[in-house]
Amino acid sequence: MLNDTAFIDGFSELLTEDYRLAKSYVRDIPTQALVYIRSFTHKLASQLATPHGLTFSSPNLYDRIEQLHSARVIDPPIVRALHRLRSDGNRGAHPEKYHLTQAQLVTIAEKSITNILRVVEKLYPVLHQHVAPGYTFEPFDSFAGRDLCYRAVMNNDAEAQYLVGMSLKAKGLMLQGQEQALAQDADASSAQSKLSAKGEYSTAAEAFAQAGYWFALASQQHQAAIFEHGVSLLHGYCGEVNLSEGELLIAQAADSGIVEAQALQGFFYLVGSDQFEVDLAQAERLLTLAANAENAEAMSNLGVLYYQAQQFENAFLWINKAAQAGYPNAQYHLALMLADGLGCSSDFAASEQWMLEAAEQGQVDAMLHCGSRILHDDNASQSQRVNAELYLHQAIKYGHNVSAMIELSVALADGILGRIDVVQAAYLLTLAKTHGNDEHLEVIEPLWQSLAMQIDNVIGLNPSDDEMIALQQAKMLLTQY
């Protein structure tokens, strides 16, 4: 019987290599596996269009899937499945935007491989006029990483060096997110030691330094590595930051057609940078190139460009595309545009749906919005309040969001979450005071005085020993600052 790779090859030889590579990298480099899954989905859309003489009107994958649907080449279940593959594929390009762990990325990549096989089974009659043949699925392996390392070191293979760098960069980004979250934990030092014991690279800095080494080596022969080497210099992966050389390398990669480089250089022209002054015409040109190549961040920034120019219909178009691609920042801004009816008809229900989607994917402002909205809703259920607390904690962890600190402190002091925790409320206020600006401090000061008075009043009621310990601890937090 056929194995799964031969099954894909029988469906379309043009798709085999992307499938094989995606499957081989699932366990070791899931971000790269997801990039190949996105490429597979692009090519599959073209394969479906060809027998029908369908010419796509847009290079954007979302538009192409919708055009296949409009032409009745594929039915709604296939449309949804292709959009799922497209969305998961986009996560591989920006895993840090989604706060995903390595294990979560592996799970997404494995599920995407399964979804590819299901889609091909359903589409087999569309291309071949007969049902799909039977096949057996060969298990995932974990040899790709070892093979890449061998080729990178022993064969001086630039592609392998680049992929090793990408794997290390992904690990660095995830470790960085974990370290930032741990930094706010009261037991950060012991948590860090537990984290260090889990992997070969104990800190994000170590993983980034190794990634920077491989990008620099591969950049001598590999265009995408030139871009990553530029990013490495911008962020100081190997030590010192070098903005000028980093930005020039990114421009070189953009000129050679590297989509991620076009997206980043377009952003430089949008906001200004060390080497590039604001040039909205150049920003529009580069962001459009990258957006049409399905770069979700470029779509979002192109929407921002049009929004700033008050071209709200164009802004809505591109922010909507980025949101549909699964980009959390775009989902948040789409929610705001739908609420205000900017470039679209006002739709409060859709706005709240997109706001919730952005919050679920870790967008800090969306988490604050959803958490605050629930806490201020007198009819919210206890389970909703639990979600609100989680959203606000996440907004604090990933964004050091002062407003979230204040909201959660008030909720804990007033018992809105079903319990009163003056110690945590006091801790959050001191944290907010540390990170807040003058405007925040105007809000914090009366809350500070109110909480101190609340603590003194309860102490005067002769509480139990355990309660007294907690109250004294909260009072100490407030008086020590």
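Trainee: Which residue does the side chain of R84 meet in a salt bridge?

Mentor: Good place to start! This is a predicted model, where local features need pLDDT of at least 70, side-chain atom pairs count only at pLDDT 80 or more, and totals for chains, interfaces and linings use all residues. Residues are numbered from 1 along each chain as its sequence is written, and side-chain values use heavy atoms, leaving out hydrogens and water. A salt bridge here is a side-chain nitrogen of Lys or Arg within 4 Å of a carboxyl oxygen of Asp or Glu. At 2.9 Å, N to O, the partner of R84 is D88.

Trainee: About how many helical turns separate R84 and D88?

Mentor: Helices are DSSP runs (H or I, at least four residues), numbered from the N terminus. R84 and D88 are 4 residues apart in helix α5 (residues 76-93), so the separation is about one helical turn.

Trainee: Is D88 buried or exposed?

Mentor: Buried means under 20% relative accessible area, exposed over 50%, and partly exposed in between (1.4 Å probe, protein chains only). R84 has 38% and is partly exposed. With 6% relative accessibility, D88 is buried.

Trainee: How many residues apart in sequence are the parts that R86 and E294 tie together?

Mentor: R86 and E294 form a salt bridge, with their closest N and O atoms 3.6 Å apart. R86 lies in helix α5 and E294 in the loop between α14 (280-292) and α15, so the parts they tie together are apart in sequence by 208 residues.

Trainee: How many salt bridges does the structure hold?

Mentor: Another one joins R38 and E260, at 4.0 Å, N to O. For the structure, the number of salt bridges is 14.

Notes: Helices (H or I, at least four residues) and strands (E, at least two) are DSSP runs, numbered from the N terminus.
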